[in-house]
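Subject: Structure for your review

Dear colleague,

Please find below the structure that I would like to hand over to you. I would be grateful if you would read the notes that follow with the structure open beside them.

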Amino acid sequence: WDLMRCVDYLEAMPKVDTGRIGCAGLSLGGEMAMWLGAMDERIAAEFCSGFLTTMDQMESHHCMCWKFNGLRELVDFADIYALTAPRALICQNGLQEQETHFHVPLARHVLSEIEPAYRDLAAPDMVSLDVHEGGHEIELDPMLDFFEQHLR
């Protein structure tokens with residue numbers, strides 16, 4: 001709700017091109033970007049770093065701030081990300097992430113669950129996973145390139 005109100009604020013600014021609004025975040029910020037992209041079609045491009053995972057993975061070794069009553073019985077994070085389709089989505093995870101956190105092999109699996117929504121909406125090239133050499137961090141150049149490509 002708060003993030004959508006921020007988009008309202010941006011739209012009210014005269015110098016903002018409302019067709020070119022994007023969002024990005026790392027970790028909990030990546031989760032917030034996931035929710036905003038899924039729930040607000042005004043987001044033209046979404047960049048989520050350090051949060052492409054499953055709810056099973058988040059059940060251990062993480063805070064439970066992501067868990068809403070009844071959510072888990074209905075969906076997993078891949079389903080929420082898929083709501084962004086056909087708009088631009090890139091997720092980013094680092095190779096140095098611990099296996100108990102946002103591990104790249106798990107991220108690749110989750111991406112494979114998101115991709116069918118993009119294929120069904122004739123936008124298979126609008127979703128991808130960027131893997132970098134670091135850990136739980138944003139690699140900025142791919143993020144800037146992504147926004148340049150999708151919001152220029």
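In strand 3, Ala88 is the bridge partner of Ala45. Please note that the model is a predicted one. A second pair across these strands is Phe47, which stands opposite Ile90 in strand 3. These pairs belong to the parallel pairing of strand 2 (residues 43-49) with strand 3 (residues 88-94), which extends over five bridges.

The open sheet consists of four strands in the order 1-2-3-4, and their pairing is parallel. Strand 1 (21-26) and strand 4 (127-132) are at the edges and have a single partner strand each, so one side of each has no neighbour in the sheet. On average, neighbouring strands of this sheet are turned by 15° against each other, with direction ignored.

Strand 2 and its surroundings

On its other pairing, strand 2 runs parallel to strand 1, and six bridges join the two. Here Cys23 stands opposite Glu46 in strand 2.

Helix 2 (residues 28-39) lies across strand 1 and strand 2, and runs at about 155° to strand 2. Helix 6 (residues 104-120), in turn, lies across strand 3 and strand 4, where its direction is at about 165° to strand 4.

Helix 1 against helix 2

Helix 1 (residues 2-12) and helix 2 have axes that come within 9 Å and cross at roughly 65°. The crossing in which helix 1 passes helix 2 is right-handed. Which residues of the two helices meet? From helix 1 they are Leu3, Met4 and Val7, and from helix 2 they are Met32, Leu36 and Met39. Sorted by class, this contact of helix 1 with helix 2 holds six nonpolar residues, no polar ones and no charged ones.

With kind regards

Key: Residues are numbered from 1 along each chain as its sequence is written. This is a predicted model: local features need pLDDT of at least 70, side-chain atom pairs count only at pLDDT 80 or more; totals for chains, interfaces and linings use all residues. Side-chain values use heavy atoms; hydrogens and water are left out. Two strands pair if DSSP finds at least two bridges between them. Axes are lines fitted to C-alpha atoms, for helices over the stretch in contact, and angles run from 0 to 180 degrees between N-to-C directions. Contact means heavy atoms within 4.5 Å. A crossing is left-handed if the near helix is turned anticlockwise from the far one by less than a right angle, and right-handed if clockwise. Ala, Val, Leu, Ile, Met, Phe, Trp, Tyr, Cys and Pro count as nonpolar, Asp, Glu, Lys and Arg as charged, and the others, Gly among them, as polar.
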